[in-house]
Amino acid sequence: MARGDDLRNLMRNVPAAVAVVTVDVHGERLGLTVASLVSLSLEPPLVGVSVSRHAALHELLRQADEFGVNLLSGEQEGLAQHFARGVPPIGLWAGVDVRPDPG
């Protein structure tokens, strides 16, 4: 299946996406809960998110070559709330299981 088809199938099954957007720039790692995930294009597959200019994540996203989008299920409300709070970066990842990118 083409990557555009993968994105179409994913977004079709996500009625109101709540996601945690994560980024790591030179060891500075942040995450933020967003409810603004939208599909922009199938070819190439593109998604968009809205992040306030005042959010700490904004500048890191501008500097990053890539970022992660982690779609949350209804059972992950606690995780959504965790990344929605203004937690200092040193405490942001406490108690959160992180898996390295396989690529």
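A residue is called buried here when its relative accessible area is under 20%, exposed when that area is over 50%, and partly exposed in between, using a 1.4 Å probe and protein chains only. The model is predicted, so local features need pLDDT of at least 70 and side-chain atom pairs count only at pLDDT 80 or more, while totals for chains, interfaces and linings use all residues. Residues are numbered from 1 along each chain as its sequence is written, and side-chain values use heavy atoms, with hydrogens and water left out.

View 1. Helices (H or I, at least four residues) and strands (E, at least two) are DSSP runs, numbered from the N terminus. The protein chain has 103 residues, and 30% of them count as buried.

**View 2. Here is an open sheet of three strands, in the order β2-β1-β5.** The pairing is antiparallel; two strands pair if DSSP finds at least two bridges between them. Strands β2 and β5 (68–71) are at the edges with a single partner strand each, so one side of each has no neighbour in the sheet. From one strand to the next, the twist averages 20°. Strands β1 and β2 are joined by seven bridges, and V21 has L32 in β2 as its bridge partner.

**View 3. Helix α3 (residues 77–84) packs on the sheet.** This helix touches β1 and β2, and its direction makes about 120° with that of β2. Axes are lines fitted to C-alpha atoms, for helices over the stretch in contact, and angles run from 0 to 180 degrees between N-to-C directions. Contact means heavy atoms within 4.5 Å.

**View 4. Now let us zoom in on T33, a residue of strand β2.** T33 is buried because its relative accessible area is 19%, which falls under the 20% limit. Setting aside neighbours within four places in sequence, T33 is in contact with V18, A19, V20, L79, A80, F83 and A84. A polar atom of the T33 side chain lies 3.4 Å from the backbone nitrogen of A84.

**View 5. Finally, take a look at helix α2 (residues 56–63) and its buried residues.** These are L57, H58 and L60. Among the elements that cover them are β1 (19–25) and β2 (28–34).

How values were computed
A polar contact is a pair of N or O atoms within 3.5 Å; within protein, one must be able to donate a hydrogen and the other to accept it, and residues adjacent in sequence count only if both atoms are side-chain atoms.
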